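Subject: A structure for you to look at

Hi,

Here is the structure I promised to pass on. Have a look at it first, and then read my notes below.

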2 protein chains.
Amino acid sequence: MTSTRPLRADAARNRELLLAAAADEFAEHGLDASVADIARRAGVGKGTVFRHFPTKDDLIAAIVIDRITALNAVGEPLLTAPDPGAALLEFLTAAARQRQERDLSFLLEAGELNAEVSQVRTRMYEIINALVDRARDHGAVRDDVTGADVILLMCAPNYVTGYLPEAPPDLWRRYLAIIFDGLRPEGAHPLPQPPPTLA
Amino acid sequence: MTSTRPLRADAARNRELLLAAAADEFAEHGLDASVADIARRAGVGKGTVFRHFPTKDDLIAAIVIDRITALNAVGEPLLTAPDPGAALLEFLTAAARQRQERDLSFLLEAGELNAEVSQVRTRMYEIINALVDRARDHGAVRDDVTGADVILLMCAPNYVTGYLPEAPPDLWRRYLAIIFDGLRPEGAHPLPQPPPTLA
DNA sequence: CAATAACCGGACCGGGCGGTCAACTTGTTA
DNA sequence: TAACAAGTTGACCGCCCGGTCCGGTTATTG
């Protein structure tokens with residue numbers, strides 16, 4: 001890796017200001033938020049944005065990496081939690097809550113941005129697969145459901161509440177509960193299509 | 001209403017070409033698809049687009065109205081179907097299938113475009129509410145679930161499969177089945193949040 | 001307290017967007 | 001078939017976007 005010397009004090013502060021401002025701006029306007037608006041919100045010139053993040057995509061990637069890394073830090077210890085079913089539900093709750101604090105649904109719109117995003121995202125997939133496998137072995141989720149299913153479905157609670165402009169902040173919990181009930185073995189009906197595989 | 005005299009023959013044909021081209025283009029590139037591209041795809045000048053649809057939003061609204069109206073035509077007869085649970089599932093299946101044929105997830109991004117959209121959308125809400133009420137009375141869906149819940153969740157199957165660039169065309173059926181299982185009374189756990197109300 | 005390298009800012013650029021318009025073509029009708 | 005309204009077209013406009021660049025500013029270091 002490039003072991004660069006530490007940033008100057010003001011530069012480091014501006015970098016943090018920019019990340020926070022960008023997260024807020026993306027939350028309000030989606031990924032279409034303009035770099036100029038982000039700079040203004042951070043109280044900084046537009047050129048400064050591009051000094052820290054050569055491309056708008058690099059700025060997005062930095063935020064995505066930050067959030068996924070935080071999520072992985074939640075998931076890691078849950079891999080050995082005593083109750084695998086509760087562990088999976090807790091992970092999904094953490095994921096949805098993270099997106100509630102600031103509306104980060106835009107994270108999902110972002111595709112493959114760079115190698116680091118791919119790496120941290122792959123690690124998240126591994127964690128989810130392991131959590132689902134353990135929960136399935138434990139009888140907490142139905143036999144015919146896979147990690148890929150959960151990866152796809154984990155975004156849904158925040159997504160569906162996004163249609164309500166003034167949704168109560170915790171409404172996603174309702175839909176996470178409904179979807180999680182659909183993952184349980186009790187009363188499960190056979191699924192009409194085989195599970196997908198993730199790239 | 002404005003009882004306008006019939007369109008000239010070529011104008012009527014161009015209007016249909018435009019609607020089809022716009023649906024295709026929006027399906028491929030989302031609502032960001034440019035009017036110029038739509039015109040080119042329809043084999044028509046850009047000015048012609050704005051003659052038929054004064055605004056890009058008007059073009060979107062025309063498509064949205066078309067699709068929702070078609071969906072309402074499916075739902076209406078289901079209101080008196082003998083098996084209310086099967087009727088609800090059939091409606092949700094029709095809704096998701098419609099969005100599969102051409103990827104019409106962009107329909108959801110479109111907010112309140114004009115009065116006619118609001119009207120036809122309101123009718124759709126009424127139909128869904130009635131279908132859910134009947135299914136609930138019949139014991140086919142859990143007691144604590146409302147029409148608003150189903151309205152929010154009905155978009156989810158197509159949404160989650162949208163993350164897979166090359167998803168099998170029928171994959172949405174798998175997630176509709178999982179979510180519908182979450183709506184069933186068997187094995188339902190209490191929901192942590194009250195249902196929302198729709199505007 | 002210099003001296004210097006790192007950093008900042010905002011005018012500027014090329015490009016693509018939604019939308020307009022005036023000259024031209026064509027379906028319709030008497 | 002003549003004449004006109006209706007329809008078509010693509011060049012054009014103003015705007016905003018991501019990204020560049022260089023003259024001025026500031027933190028750091030000896």
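Let me begin with charge: the mean positions of the 21 positive and 28 negative charges of chain A are 7 Å apart. Lys and Arg count as positive and Asp and Glu as negative, while His and the chain ends are not counted. Each charge is placed at NZ of Lys, CZ of Arg, CG of Asp or CD of Glu.

Before going on, please note that this is a predicted model, in which local features need pLDDT of at least 70 and side-chain atom pairs count only at pLDDT 80 or more, whereas totals for chains, interfaces and linings use all residues. Residues are numbered from 1 along each chain as its sequence is written, chains are lettered from A and ligands numbered from 1 in the order in which they are written, and side-chain values use heavy atoms, leaving out hydrogens and water.

Now the build of chain A. It has 10 helices and 0 strands; helices (H or I, at least four residues) and strands (E, at least two) are DSSP runs, numbered from the N terminus. Its C-alpha atoms fill a box of roughly 60 × 40 × 30 Å along the principal axes. Of the 199 residues in chain A, 48% are buried, meaning under 20% relative accessible area with a 1.4 Å probe, protein chains only.

How is chain A divided into domains? The assignment, which is automatic or comes from a database, gives domain 1 (6-54) and domain 2 (55-199). In chain A, 16 residues from domain 1 and 13 residues from domain 2 make the contact, where contact means heavy atoms within 4.5 Å. The C-alpha centres of these two domains of chain A lie 28 Å apart.

Between them, domain 1 and domain 2 of chain A bury about 1300 Å², with 73% of that from carbon and sulfur atoms. Buried area is the accessible area (1.4 Å probe) that two parts lose on being put together, summed over both. F26(A), L31(A) and F53(A) supply 40% of the area that domain 1 of chain A buries against domain 2 of chain A, more than any other three residues.

Is M124(B) buried or exposed? M124(B) is buried, with a relative accessible area of 9%. Leaving aside neighbours within four places in sequence, M124(B) is in contact with I68(B), L71(B), N72(B) and F91(B).

Enjoy exploring!

Best wishes

Note on methods. Buried means under 20% relative accessible area, exposed over 50%, partly exposed in between (1.4 Å probe, protein chains only).
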